[in-house]
Amino acid sequence: MIRTGQEYLESIDDGREVYINGERVRDLAHHPMFKPLIDIRARIYDMQHDGATRDLLSYRENDAWYAIANRPPRTQQDWWAKRRATDTVLEAIGGVVTRIGDETVGEMWSLFDGQDVLNEVDPRFSTNIRRHIDGVLARDPFHVSANTDPKGDRSKPPQQQDPDMLLHVVRETDSGIVVRGAKYETAAPYANQAFTKPTIGNWGDAALSDYAVGFICDLGSPRLKFICRSGFAGRAGAADYPLANRFDEVDSLVIFDDVLIPWENVLFYRHTRAANYIRSTLHRYSAFAFVQRNLKLADMLIGAALFNARQTGLDKQQAVQEKLAQLAVYREGINAHLTAAITLAERSPGGLLMPNQSLLYSGRVLACSRLHEMMHIARELCGGQICITPDKASFDAPETRPWLDKYYTVNEGWVAEDRRRLLALARDLLNSDYAGHRLTFQLFAQSPPFAHLNAVYRAFDWEGPLQFVRAAAGLSERVLPPGARAPGDGAVAQWYVEHSGAFHQ
Ligand SMILES: Cc1cc2nc3c(=O)[nH]c(=O)nc-3n(C[C@H](O)[C@H](O)[C@H](O)COP(=O)(O)OP(=O)(O)OC[C@H]3O[C@@H](n4cnc5c(N)ncnc54)[C@H](O)[C@@H]3O)c2cc1C
């Protein structure tokens with residue numbers, strides 16, 4: 001029920017068509033740009049078995065072990081266990097990786113919640129949904145998320161441009177549907193399956209559409225092509241760019257060149273109502289693990305900035321302490337949202353336990369929308385030396401080493417090599433090409449900022465403030481009868497869902 005690292009490696013050795021830098025990748029697991037993350041993913045599988053970490057990452061039920069990350073949450077304890085498991089992984093690998101499965105598998109629980117609604121729309125696929133939820137537990141696959149199409153001209157429906165700009169069904173066969181199009185997917189080249197669904201929610205008046213399709217895509221399927229952006233690993237020395245060389249999660253444009261999706265993997269098909277429903281509930285669980293990454297990033301920002309300030313004695317200055325306090329407030333703001341989202345968790349329509357939705361989505365906005373400011377504060381606190389320090393080769397070369405030893409040794413506690421290491425880490429966290437990519441990832445990878453705000457709008461209970469002001473101002477009950485629902489709930493929220501068109505991944 002829980003895989004080993006070796007079993008994972010064997011599962012992706014299936015001849016899939018992966019391209020990077022204009023070349024076909026023949027040996028994925030040993031390619032320098034994929035190897036670091038594949039090794040980390042394999043290590044996480046092994047950690048589930050390792051006596052030192054097994055009980056933190058796995059649980060036992062009916063004489064079998066299962067991954068805590070894959071467990072549909074039913075109690076607050078389940079959420080604490082998930083949070084601890086993710087922390088355990090990130091602390092063991094010494095950095096932040098996001099798309100390793102725990103952060104995307106929650107999309108499946110949204111499907112679980114939606115079974116009744118989806119069944120009502122089209123009963124053919126509900127057994128598929130249940131089988132896939134169970135299958136994740138039983139097979140422990142590496143699961144990722146596929147939502148975003150290239151989309152082309154956003155002002156035109158797909159029928160008025162190249163129809164493949166959005167993924168769609170081109171024909172049905174006895175064995176399944178054949179789909180065509182493309183999706184942007186992080187980690188897909190080295191994962192096992194992707195929950196694939198439409199990016200848009202603006203279906204107009206159409207009740208049925210070939211574009212309203214959701215399915216589990218086996219990433220080893222024939223006629224899939226993975227065209228990856230260039231990787232960061234291996235471009236420059238690992239000593240100078242320690243994060244880029246270890247934690248780059250390669251994103252890919254996944255081409256569906258008439259790919260057959262077996263009927264048993266189809267989760268909804270043709271009904272725009274089903275597609276709308278899935279889009280509006282997609283991140284109700286998975287946002288938790290995504291936001292947890294910002295907490296760990298905040299810890300890295302604080303650690304890098306504080307070590308730099310302490311090294312040079314600057315932490316004694318009140319103005320510096322205030323900047324550090326701003327980083328701490330950001331960190332604790334995320335911590336508070338995550339903690340409260342568990343503590344005030346809500347029962348889902350399917351009987352699972354959702355993190356408190358309003359708090360979780362508000363926490364996601366806080367975490368993602370302020371990250372760039374926090375990086376800038378940390379950059380300022382680290383000082384200009386993170387971008388002008390020579391590379392490790394100069395610290396090692398006989399002609400330059402004595403000079404760099406002299407100027408980079410601050411005191412007996414901070415010798416040149418430690419200062420170089422800290423500055424290299426800070427550079428890769430804040431200034432490098434990889435650092436910029438990481439910031440963009442947190443901005444977009446779980447939908448763009450406007451969709452984050454839209455989720456808050458739908459989750460927040462507007463009635464409390466309205467009732468409070470109605471009473472405070474002495475407004476009549478004509479304005480808002482006691483107990484009436486306000487925008488953000490029920491029909492109004494549904495109207496917003498259907499008309500905003502704001503359901504990017
Ligand atoms: C590093 C990275 C990793 C990613 N990984 C994945 C992945 O694993 N799986 C996946 O499916 N996708 C992934 N994505 C894609 C990501 O979800 C999209 O980039 C995102 O949904 C935005 O879509 P777009 O890039 O096409 O932007 P566009 O649609 O071009 O939008 C650009 C901007 O226009 C504005 N805008 C557009 N539409 C509206 C609107 N209706 N209301 C208000 N403003 C609007 C916003 O400012 C928006 O940010 C990833 C993206 C990045 C950068």
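Me: Which residue stands opposite Phe-195 in strand 8?
Reply: Ser-145 stands opposite Phe-195 there. The model in which this is seen is a predicted one.

Me: What makes strand 5 and strand 8 count as paired?
Reply: Pairing requires that DSSP find at least two bridges between the strands. Strand 5 (residues 143-146) is joined to strand 8 by four bridges, so the two qualify as a pair, and they run parallel.

Me: What makes strand 8 and strand 9 a pair, and in which sense do they run?
Reply: Four bridges link strand 8 to strand 9 (residues 208-218). Since at least two are needed, these strands pair, in the antiparallel sense. Within strand 9, Asp-218 is the bridge partner of Gln-193.

Me: Which way do the residues of strand 8 point, and are they buried or exposed?
Reply: In strand 8 (residues 193-196), Gln-193 and Phe-195 point one way, whereas Ala-194 and Thr-196 point the other way. All are buried.

Me: Why is Cys-382 called buried?
Reply: Its relative accessible area is 6%.

Me: Why is Cys-387 called exposed?
Reply: The relative accessible area of Cys-387 is 52%. Exposed means over 50%, therefore the term applies to Cys-387.

Technical notes: Residues numbered from 1 in each chain as written. Predicted model: local features only at pLDDT ≥ 70, side-chain atom pairs only at ≥ 80, totals over all residues. Heavy atoms only, no water. Buried < 20%, exposed > 50% of the residue type's maximum accessible area, 1.4 Å probe, protein only.
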